[in-house]
Amino acid sequence: MANRPIRTFTVLPHLPERLQALHKLAYNLWWCWNADAVALFRRVDVDLFEKLEHSPVKLLGATTQERFEKLAKDEGFLAHMDRVEEALNHYMAAPTWFQDNYGSEKYARIAYFSAEFGIHESIPVYSGGLGVLAGDHLKSASDLGIPLCGVSLMYREGYFRQYLNVDGWQQERYPENDFFNLPLIPETKQDGTLLLVGVSLPGREVSARIWRIQVGRVPLYLIDCNIPQNRPHDRNITAQLYGGDQTTRIEQEIVLGIGGIRALKALGKMPTVCHMNEGHSAFCSLERTRLLMEENGYDFATGSEAVKAGTCFTTHTPVPAGNDAFPVHMMDTYFGEYIKGLKIDRTTFLNLGREGPNNEHENFSMTVLAIRMANTSNGVAKLHGVVSRKMWKNIWPELPEVEVPISSITNGVHTQSWISPEIGQLFDRYLGIQWDEEPTNFDVWQRIEHVPDAELWRTHERRRERLVAFSRVRLKRQLVRRGAPPAEIEAAEEVLDPDALTIGFARRFATYKRGNLIFRNLERLLAIVNNEKRPVQFIFSGKAHPKDHNGKELIAQVSQYARRAELRRKFVFIEDYDMNVARYMVQGVDVWLNNPRRPLEASGTSGMKVNCNGGLNLSILDGWWDEGYLGDNGWAIGRGEEYSKEQETYQDDMESRQIYDLLEQEIVPTFYTRGSEGLPRAWLKRMKRSIATNVPMFNTNRMVKEYAENCYLPSYRRYNLLSSHQFEKAVELAKWRSRLRSGWGQVRVESVESPAADPLHVGAEMHVRARVSIGPFNPEDLEVQLFHGTLDSLGEISRPSTVVLVPVPGAEPSSNGTRTCLYTGKIACRASGQFGYCVRVLPKNASLPHSFEPGLIAWG
């Protein structure tokens with residue numbers, strides 16, 4: 001068909017005046033973590049609400065005018081609506097944690113960049129854990145009043161929808177999102193025309209529009225390239241999340257990072273701090289630098305000093321292959337013109353994304369760029385911090401791994417978004433409303449002991465019953481779509497037992513997560529699940545990346561096992577895992593199984609969602625569970641062992657046996673041992689212990705507070721320091737760093753002396769004198785440290801401490817003509833054992849976030 005000019009118009013639902021509050025509520029995602037608001041929309045039309053993916057916007061568009069007129073006369077409904085509207089108004093106007101504690105920092109503006117945001121299943125622009133975490137981050141930022149906005153892309157097709165064929169092989173489909181039936185608010189100019197931003201790609205300019213989603217107090221800005229001004233290829237840049245090839249990926253990341261900053265500038269929302277959630281958005285630091293240079297006339301060195309000060313980075317990936325890196329020829333193609341605006345040469349630019357400077361064979365890593373351009377960098381669990389320091393230690397080749405400046409902030413979940421309404425009501429009665437208002441308050445969660453065992457158990461049983469009913473409906477729908485025989489479809493009504501011990505496993509199907517590990521010894525598994533007196537059942541769900549053949553193999557294996565006659569009533573695989581499926585599962589299972597290969601699980605958050613609903617974790621000690629497991633609040637598989645690639649078969653045998661042992665000897669007996677009232681008292685004790693210890697810790701309110709206090713505010717203050725008085729401090733720091741690099745080769749430790757006799761006794765002090773060649777610098781430009789500690793079996797200092805040595809006044813010329821300075825200090829001997837020490841020299845400047853500059857450490 002020939003192209004025809006099409007004029008567009010928009011049709012909106014016609015709400016009676018008395019029901020206008022429904023529109024207001026539908027367009028603020030606050031409703032999705034307020035149980036009363038969800039209940040209000042269900043009341044409009046419960047069946048339609050379910051059918052339309054729980055989308056209030058779609059619901060209002062599909063509800064008949066007759067139904068609206070009836071609701072406008074329903075006094076009960078109107079009272080409910082007014083109550084929810086008043087709750088939203090109160091929420092938006094109430095004082096917040098940030099105002100109460102950091103009101104003087106009111107001019108801070110944080111932009112949180114992420115390639116995906118999972119806020120609710122009705123807005124399908126997320127794939128899994130990273131996006132759901134980002135969505136929970138926004139919700140908690142809203143609750144706490146953090147002055148933050150989100151930035152991402154608006155994907156026309158989002159992430160794929162999954163279905164399995166008759167062989168259990170994953171198939172993908174990409175239905176298009178109807179933007180006009182989503183809670184999207186178009187950003188426009190004052191004259192009402194669309195607000196557009198442009199980014200340069202090779203040989204052309206690409207334009208993009210900006211949408212906004214309101215998440216409580218926090219706006220989320222989404223960039224969309226699907227506009228008529230762009231050619232077809234460019235309109236598809238924002239078509240799919242994690243789709244396409246490397247060309248699509250680099251173009252998406254240019255639009256996200258560079259286009260995201262330009263969008264914020266066009267909106268008048270330029271940030272003082274940018275938080276890059278993974279490396280996908282790392283180009284934003286380059287664009288901030290370029291704009292600062294363009295607007296103020298500074299060079300790249302000065303501009304980048306200020307931008308680094310106001311940038312935070314979080315890495316989520318525990319394996320090198322999971323980090324985006326682009327070949328040099330692609331960087332030349334896409335940034336050959338762009339770097340002219342940065343006024344730096346090609347080598348300087350490429351070195352920003354390389355672990356090893358000047359290595360022409362190394363790809364340009366987005367993670368390395370993010371680390372080099374950030375004031376703070378962190379992993380997402382304590383163990384992941386260790387893994388991340390090991391992964392990226394080559395950026396600081398002279399630095400011991402333990403000192404690599406990558407910290408950790410353990411992930412959490414937004415408790416109110418994941419807790420079941422029934423459990424929430426139970427908490428209201430016995431914990432008070434503080435559990436909702438102060439989810440990090442351990443004292444509040446200790447009140448879980450006040451909840452009668454019978455009430456907690458009956459509430460949990462109702463959620464399990466709902467999960468079983470939901471699973472049967474979904475399984476039946478799956479079988480109908482596949483064209484299964486009528487008898488098999490009818491049998492779906494009988495799968496699972498609402499009273500049986502129910503174990504859930506749902507996550508991305510990547511090989512290291514070992515979704516098939518439970519089937520390792522089928523004979524032993526059959527004995528466990530088919531025990532007539534103590535039955536056990538499993539519910540699985542999850543997607544594999546469309547290009548992950550091995551992940552798809554795992555799904556096929558699980559699906560085929562679930563269809564075996566002896567397992568058919570005990571195993572269900574729910575297709576098309578999304579936030580709705582996740583909600584049913586985490587609210588209804590008794591046990592959450594997680595068996596990744598340690599230490600490849602960066603954090604994981606699904607088990608945290610289970611905790612707040614009273615479920616228990618059975619997990620490898622990896623990610624967050626390495627911190628959360630206390631011995632009596634769940635179960636650990638193993639004791640934190642790590643295995644090599646060559647040992648994987650042995651590892652699978654060993655850890656599958658440990659799972660079977662725990663099920664047979666502890667989990668199943670504890671669940672089915674009932675008292676005279678029919679209650680599993682020992683199980684309930686463990687449930688309460690899990691809630692009391694894990695819920696107040698592993699939630700995003702705690703997490704976002706840590707980001708605010710450890711990353712956002714220090715970065716904001718440092719940015720203010722460097723940018724004040726026409727960036728005076730940034731100019732000084734850039735000049736100092738240039739002088740430092742040009743003269744650092746002359747800095748060395750000439751000699752180290754200690755007059756103390758060996759051995760020393762506890763309580764003694766060992767005095768050390770070090771003579772240092774300070775080159776062209778002054779003593780105040782350098783920090784000389786004693787690096788000391790106990791020695792391990794390899795003669796290394798594994799847990800170092802440092803003592804700053806004090807310069808003796810007066811630098812002296814050495815025999816080779818450079819100046820030397822004498823430094824002195826002492827080590828206190830507080831314990832017995834074998835110790836070691838050495839002396840090192842670091843740069844020192846009050847404007848630095850830390851003294852660990854790549855390539856600028858002198859050891860002696």
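This is a predicted model: local features need pLDDT of at least 70, side-chain atom pairs count only at pLDDT 80 or more; totals for chains, interfaces and linings use all residues.
## Packing of helices α22 and α30

Two packed helices are described by the angle between their axes and the distance between the axes. Helix α22, which covers residues 453-482, packs against helix α30, residues 681-694, at an angle of about 85 degrees. The two axes are 11 Å apart. Because angles of 65 to 115 degrees count as roughly perpendicular, α22 is roughly perpendicular to α30.

On the α22 side, the contact is formed by Asp 453, Leu 456, Trp 457 and His 460. These residues meet Arg 681, Trp 683, Leu 684, Met 687 and Lys 688 of α30. Sorted by class, the contact comprises five nonpolar, one polar and three charged residues.

## Aromatic pairs

The model contains 41 aromatic pairs. One of them joins Phe 283 and Phe 335, whose ring centres are 4.7 Å apart. The planes of these two rings stand at 45 degrees, so the pair is classed as tilted. Phe 283 belongs to helix α11 (residues 283-296) and Phe 335 to helix α13 (residues 328-335); the pair therefore ties together parts that are 52 residues apart in sequence. Both Phe 283 and Phe 335 are buried.

Ring pairs also build a cluster. Its members are Phe 505, Phe 509, Phe 519, Phe 538, Phe 540, Tyr 561, Phe 571 and Phe 573.

## Charges over rings

## Ser 200

Ser 200 is part of strand β6, which spans residues 196-201. Its relative accessibility is 46%, so Ser 200 counts as partly exposed. Leaving aside residues up to four places away in sequence, Ser 200 touches Glu 205 and Arg 262. Between Ser 200 and Gly 244 there are 20 Å in space, C-alpha to C-alpha, and the two are 44 residues apart in sequence.

## Leu 194

Leu 194 is located in the loop between β5 (185-186) and β6. With a relative accessible area of 36%, Leu 194 is partly exposed. When residues up to four places away in sequence are not counted, Leu 194 touches Pro 186, Glu 187, Thr 188, Lys 189 and Arg 209. Leu 194 and Leu 679 are 485 residues apart in sequence, and their C-alpha atoms are 61 Å apart in space.

Terms used
Residues are numbered from 1 along each chain as its sequence is written. Side-chain values use heavy atoms; hydrogens and water are left out. Axes are lines fitted to C-alpha atoms, for helices over the stretch in contact, and angles run from 0 to 180 degrees between N-to-C directions. Helices (H or I, at least four residues) and strands (E, at least two) are DSSP runs, numbered from the N terminus. Angles under 35 degrees count as roughly parallel, over 145 as roughly antiparallel, 65 to 115 as roughly perpendicular and the rest as oblique. Contact means heavy atoms within 4.5 Å. Ala, Val, Leu, Ile, Met, Phe, Trp, Tyr, Cys and Pro count as nonpolar, Asp, Glu, Lys and Arg as charged, and the others, Gly among them, as polar. Rings of Phe, Tyr and Trp (its six-membered ring) pair if their centres lie within 6.5 Å; planes under 30 degrees apart count as stacked, over 60 as edge-to-face and the rest as tilted. Buried means under 20% relative accessible area, exposed over 50%, partly exposed in between (1.4 Å probe, protein chains only).
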